[in-house]
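The sequence and the structure are shown first.

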Amino acid sequence: MQIWLSRHGQTDLNLASCWQGRVDQPLNERGRSQARTMQKNLAGVHFDAVYASPLDRAIETASILGNIDRSEIITDPRLIEVDFGKYDKTKYLRLGSLPLVIFWLLPEILPAPKTVETIPHMIERSQSFLDDLLKKDYENVLITCHGGIMRVLTGCLLGKKNHIDWRPKPHNCEVRVFSPAGNHFAMTKDLLLSRS
């Protein structure tokens, strides 16, 4: 099984440098354009299944990347973005966001601020999703989610000891391709859009 793990395209909250977590923010026009551009890089790949977070920005990106109707996408709540609690919709660099900014820089050693989902909970739901996925008989599967949970899914797939792969952060519409490698997976491709 090859796993194609992607982050959604840009939203207005991304553009405004705001935390958006569980906020159901749709793609903006740039986000849709990013997804269409990345879809050209995936042309010729047949996905046996397309999974997405239940948030609209992930579903629309999955529909474009997978070149399928939204009704064909399998949504799974375990793929939803990290719950940022009271910090949702606040600017990254706002003084009140400082506890979340510090945690987000060093989640390996710092506890999550109050109202923010913990790393162990992110790992639990990511591993649960992957355990169920690996029981399927897919050749290629596309998963579209979010920057935070993508870091944990990546860590679980790679078999990282702490189950997270935090740096570098996933870019909008980045697609990471994982292939089986022994007991875990190896990232065999990392498809990025031009930063221009």
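## Nonpolar cores

The largest nonpolar core holds 34 residues, and Tyr-51 and Leu-133 touch the most other members. A nonpolar core is here a set of buried Ala, Val, Leu, Ile, Met, Phe, Trp, Tyr and Cys residues joined through side-chain atoms within 4.5 Å. Buried means under 20% relative accessible area, exposed means over 50%, and partly exposed lies in between, with a 1.4 Å probe and protein chains only. At least two residues of this core come from each of β1 (2-7), β2 (49-52), α4 (98-105), α5 (119-133), β4 (140-145) and α6 (147-158). Helices (H or I, at least four residues) and strands (E, at least two) are DSSP runs, numbered from the N terminus.

Leu-133 is in contact (heavy atoms within 4.5 Å) with Met-1, Ile-3, Tyr-51, Tyr-138, Val-141 and Ile-143, leaving aside its neighbours within four places in sequence. Another core, of 18 residues, lies apart from the largest one and includes Ala-52, Ala-58, Ile-64 and Cys-173. In soluble globular proteins, nonpolar side chains tend to be buried together.

## Basis of the model

The model is predicted: local features need pLDDT of at least 70, side-chain atom pairs count only at pLDDT 80 or more, and totals for chains, interfaces and linings use all residues. Residues are numbered from 1 along each chain as its sequence is written, and side-chain values use heavy atoms, with hydrogens and water left out.

## Overall fold

The chain contains six helices and six strands. Read from the N terminus, the elements follow the order β-α-α-β-α-β-α-α-β-α-β-β. The chain is as compact as a globular protein of 196 residues, because its radius of gyration of 16 Å is close to the 16 Å that the globule rule gives for that length. The radius is taken over C-alpha atoms, and the rule is 2.2 Å times the number of residues to the power 0.38. Along the principal axes, the C-alpha atoms fill a box of roughly 45 × 40 × 30 Å.

Of the 196 residues, 52% count as buried. Among contacts between residues at least 6 apart in sequence, 69% join residues at least 24 apart. The accessible surface comes to about 9500 Å², and carbon and sulfur atoms account for 53% of it; areas come from the Shrake-Rupley method with a 1.4 Å probe, and for residues only the protein chains shown count as cover.

## Helix α3 and strand β2

Helix α3 (residues 56-66) is mostly covered, with ten of its eleven residues buried. Among the buried residues of α3 are Arg-57, Glu-60, Thr-61 and Ser-63, as well as Ala-58, Ile-64 and Leu-65. The buried residues of this helix pack against β1, α2 (29-41), β2, β3 (74-75), β4 and β5 (175-181). Just after α3, Asn-67 takes a positive phi of about 55 degrees.

Val-50 lies in strand β2 and is buried, with a relative accessible area of 4%. Not counting residues up to four places away in sequence, Val-50 touches Ala-62, Gly-66, Ile-68, Glu-72, Ile-73, Ile-74 and Leu-142. The C-alpha atoms of Val-50 and Arg-70 are separated by 9.7 Å, and the two residues are 20 apart along the chain.

## Loop residues

Gln-10 is placed in the loop between β1 and α1 (12-15). Gln-10 counts as buried because its relative accessibility is 10%. With neighbours within four places in sequence left aside, the contacts of Gln-10 are Leu-15, Leu-27, Asn-28, Arg-30, Gly-31, Gln-34 and Asn-172.

Most residues other than glycine have a negative phi, and most peptide bonds are trans. Lys-89, in the loop between β3 and α4, has a positive phi of about 70 degrees and is exposed, at a relative accessible area of 54%. Cys-173, in the loop between α6 and β5, has a positive phi of about 65 degrees but is buried, at a relative accessible area of 0%.
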